[in-house]
Amino acid sequence: MILRSANSLHSRSNKYSFKLLDNTIFLPFSILYFFFSSIFQRYHSKFKMSALAAARYGKDNVRVCKVHRDEKTGIQTVVEMTVCVLLEGDIETSYTKADNSVVVATDSIKNTIFITAKQNPVTPPELFGSILGTHFIEKYSHIHAAHVNIVTHRWVRLDIDGKPHPHSFIKPGSETRNVQVDVIEGKGIDINSSIKGLTVLKSTGSQFWGFVRDEYTTLKETWDRLLSTDVAANWQWRRFTGLADVKTHSEKFNAAWEAARAITLKTFADDNSASVQATMYKMGEQILAAVPLLDTVEYALPNIHFFEVDLSWHKGIKNTGKDAEVYAPQSNPNGLIKCTVGRAGQKAKL
Ligand SMILES: *[C@@H]1O[C@H](CO)[C@@H](O)[C@H](O)[C@H]1NC(C)=O
């Protein structure tokens, strides 16, 4: 806006100077006009100067593994996490004035993550994230918000000869348990928990028909198809007033994760799915009912297609519809279906 008005001012001054040129009396005024307009533009360009609109910084991809050893039973447990901590606060001058006195080095942030992991439980991750985030806003008076992201990798205890092994584990896939914890001074703690990369497939019990058919449609309706997806499920907790509030509810976090995972898997398996949309909504509804402390549940489900292969060209082989056995898995393009399920009475943002 400012830039535009400065330009139009300049072109106007050109126009005026042309008119005034042939009148010697007005020539000095014309020069004065040029002089002041150039000062005015410089003055304007001061206002045009950039300002820092938002800033946060910290350490990303901090990989931490903690082993818990129960001396009495000899049973050990491992937790592997990838942690990101980003800080916000009175840090503007580090960007605008090269003032490093307000900077807690990202290396110190990394050290703090290790020390906090040593001195505290790292599970549930919602609690560890809250402890870590609260540390930064309490330790540094000029830091007002800490954003902690934790990806917990899945190590499942090995069964050897039918017995759970005391200290050996297997990683069953790409599934992770994640949390995003925002600790905001004077406001409280916002937590989102999620499951990512939970890949599932069912070979029947999925339909898709009755969708819009027009001159763009080639997809056939189906009453029986393969359904596969990488589940990304996210549940948002109501705001906690602070670390004490999180601690009070700390036993609810693992229970919520177990409920969300079990509901997702059971609904995926048992629902005779009319569409990804209809099935995911049922999942969200049940999770909200199971965990009263949640505000919303959000799903993002890619529809990983498995196409039927028409082999009728080869000696009339039947491999479509009820005869389908050999499919061609597709990597892309894929459907992507998202929704957020909230409690009735809350407005949907569509
Ligand atoms: C949690 O998720 C919701 C919905 O995606 C988002 O609006 C909110 O900012 C998230 N909060 C945190 C702490 O990540």
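Reply: This is a predicted model. Start with aspartate 161, which is exposed because 5 other C-beta atoms lie within 10 Å, and 12 or fewer counts as exposed. Aspartate 161 sits in the loop between S4 and strand S5 (163-170).

Me: Is aspartate 159 buried or exposed?

Reply: Aspartate 159 is exposed, because 11 other C-beta atoms lie within 10 Å. Its place is in strand S4 (residues 156-160). Now look along the chain. Phenylalanine 169 is 10 residues away from aspartate 159, and their C-alpha atoms are 8.6 Å apart.

Me: Which residues does a cis peptide bond join?

Reply: Most peptide bonds are trans. Here, a cis bond links threonine 123 to proline 124, with omega about -10°. Proline 124 lies in the loop between helix H4 (106-119) and H5. Another cis bond links asparagine 332 to proline 333, with omega about 0°. Proline 333 is in the loop between strand S11 (327-329) and strand S12 (335-342).

Me: How do the axes of helix H7 and helix H8 cross?

Reply: Two packed helices are described by the angle between their axes and the distance between the axes. For helix H7 (residues 251-270) and helix H8 (residues 276-290), the axes come within 9 Å and cross at roughly 150°. The crossing is right-handed. Residues making the contact include Ala260 and Ile263 of H7, and Met283 and Ile287 of H8. By type, the contact residues are 7 nonpolar, 4 polar and 1 charged.

Me: Where does the largest nonpolar core lie?

Reply: Count its residues before placing it. The largest nonpolar core has 48 residues, and among those with the most contacts inside it are Ile113, Ala260 and Ile287. Helix H5 (residues 125-139) gives the most to this core, 6 residues. Domain 1 (53-186) and domain 2 (193-349) both contribute, so the core lies between them. Take isoleucine 113 as a case. Beyond its neighbours within four places in sequence, isoleucine 113 is in contact with Val62, Val64, Val83, Val85 and Leu132.

Me: How many helices and strands does the protein have?

Reply: It has 8 helices and 12 strands. Of its 350 residues, 22% are buried.

Key. Residues numbered from 1 in each chain as written. Predicted model: local features only at pLDDT ≥ 70, side-chain atom pairs only at ≥ 80, totals over all residues. Axes fitted to C-alpha atoms, helices over the stretch in contact; angles between N-to-C directions. Helix = DSSP H or I, 4+ residues; strand = E, 2+ residues; numbered from the N terminus. Left-handed = near helix turned anticlockwise from the far one by under 90°. Contact = placed C-beta atoms within 7 Å. Nonpolar A, V, L, I, M, F, W, Y, C, P; charged D, E, K, R; others polar. Buried ≥ 20, exposed ≤ 12 C-beta atoms within 10 Å, placed from the backbone. Core = buried A, V, L, I, M, F, W, Y, C linked by C-beta atoms within 7 Å. Domains from an automatic or database assignment.
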